[in-house]
Amino acid sequence: MEFITDLLYWISTGLLVPVVVFLLFFFLKSLIMIGGFYGQYISRTKINVRLNRRITEMNPEDFIVSVEKDDRTPLISALERIRQNRYNRVMIDKILGDYEILSDKSLGQSRLLVKIGPMLGLMGTLIPMGPALVGLATGDVASMADNMQVAFATTVVGIIIGAIGFITLQVKQRWFADDMNILEYAAGSLSAKPSIGKEV
């Protein structure tokens with residue numbers, strides 16, 4: 001029994017370095033995500049304000065024709081594909097489905113941070129607690145302090161990673177819901193178009 005407990009102790013303490021490495025990796029990944037998130041916020045704010053203004057000012061059948069080709073955001077690309085396939089309802093449905101898949105893939109990165117950040121933070125908290133308790137029992141206060149410092153640091157980093165993932169997830173969900181609303185409006189505006197024919 002003592003061998004089993006010692007083995008578990010060695011395994012758990014041996015996982016500390018990989019846990020810290022993964023925490024640093026996902027922390028850097030979350031910082032990069034913040035930069036991309038800010039850039040996406042700036043670009044989509046300009047584009048969506050313009051698109052929503054056109055929705056209120058234009059007739060539905062004129063909206064899809066007014067889509068610019070210069071902006072290469074996923075939303076504009078999807079609107080351009082809908083415009084090019086305006087007489088093909090099956091293809092339009094596929095374009096909407098493709099955009100949903102693309103949106104879910106983008107949200108997956110934030111979901112990963114929400115789950116993995118606190119998980120790694122908890123592991124980084126519990127693993128040093130064993131050596132810290134051993135140091136307390138043997139009177140090695142310096143060793144205990146070092147292990148407690150690691151435990152607290154990993155907890156904080158894990159929470160930061162999870163918080164970044166949660167915030168970006170909530171905002172991106174609203175973004176993609178707004179995008180899908182615009183795409184469905186664009187697809188619905190073509191309902192009055194002939195189902196068979198060629199674009200003039």
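User: Before we start, what kind of model is it, and how is it numbered?
Analyst: It's a predicted model, where local features need pLDDT of at least 70, side-chain atom pairs count only at pLDDT 80 or more, and totals for chains, interfaces and linings use all residues. Residues are numbered from 1 along each chain as its sequence is written, and side-chain values use heavy atoms, with hydrogens and water left out.

User: OK, how many helices and strands in the chain?
Analyst: The chain has 6 helices and 0 strands, and from the N terminus on the elements run α-α-α-α-α-α. Helices here are DSSP runs of H or I with at least four residues, strands are E runs of at least two, and both are numbered from the N terminus.

User: And how much of the chain is buried?
Analyst: Of the 200 residues, 34% count as buried. Buried means under 20% relative accessible area, exposed means over 50%, and partly exposed is in between, with a 1.4 Å probe and protein chains only.

User: What share of the contacts joins residues at least 24 apart?
Analyst: Taking contacts between residues at least 6 apart in sequence, 76% join residues at least 24 apart. A contact means heavy atoms within 4.5 Å.

User: Now the packing. What's the angle between H4 and H5?
Analyst: H4 and helix H5 (residues 89–138) pack at about 170°, with axes 9 Å apart. The axes are lines fitted to C-alpha atoms, for helices over the stretch in contact, and angles run from 0 to 180 degrees between N-to-C directions.

User: So what do you call that orientation of H4 and H5?
Analyst: H4 and H5 are roughly antiparallel. The cut-offs are under 35 degrees for roughly parallel, over 145 for roughly antiparallel, 65 to 115 for roughly perpendicular, and oblique for the rest.

User: Which residues make that contact of H4 and H5?
Analyst: On H4 they are Pro-74, Leu-75, Ala-78, Arg-81 and Ile-82, and on H5 they are Met-91, Ile-92, Ile-95, Leu-96, Asp-98, Tyr-99 and Leu-102. The residues of the H4 contact with H5 divide into 10 nonpolar, no polar and 2 charged. For those classes, Ala, Val, Leu, Ile, Met, Phe, Trp, Tyr, Cys and Pro count as nonpolar, Asp, Glu, Lys and Arg as charged, and the others, Gly among them, as polar.

User: How do H4 and H6 pack?
Analyst: Helix H4 (residues 74–84) and helix H6 (residues 141–188) pack at about 15°, with axes 10 Å apart, so H4 and H6 are roughly parallel. In the contact, Leu-75, Ala-78, Leu-79 and Ile-82 of H4 meet Asp-179, Ile-182, Leu-183 and Ala-186 of H6. The residues of the H4 contact with H6 divide into 7 nonpolar, no polar and 1 charged.

User: And H2 with H4, what angle is that?
Analyst: H2 and H4 pack at about 40°, again with an axis separation of 10 Å, so H2 and H4 are oblique to each other. Ile-47, Asn-48 and Leu-51 of H2 and Leu-75, Ile-76 and Leu-79 of H4 make the contact. The residues of that H2 contact with H4 divide into 5 nonpolar, 1 polar and no charged.

User: Switching topic: Ser-30, buried or exposed?
Analyst: Ser-30 counts as buried because its relative accessibility is 0%. Ser-30 is in helix H2 (residues 16–57).

User: What does Ser-30 touch?
Analyst: Leaving out residues up to four places away in sequence, Ser-30 touches Leu-113, Ile-161 and Ile-164. Ser-30 and Gly-165 are 135 residues apart in sequence and 7.3 Å apart in space, C-alpha to C-alpha.

User: And where does Ile-159 lie?
Analyst: Ile-159 lies in helix H6 and is exposed, with a relative accessible area of 54%. Its C-alpha is 9.8 Å from that of Ile-116, 43 residues apart along the chain.

User: Last one, where's Tyr-185?
Analyst: Tyr-185 is in helix H6 too, and Tyr-185 is partly exposed, with a relative accessible area of 25%. The C-alpha atoms of Tyr-185 and Ile-55 are separated by 8.7 Å, at 130 residues apart along the chain.
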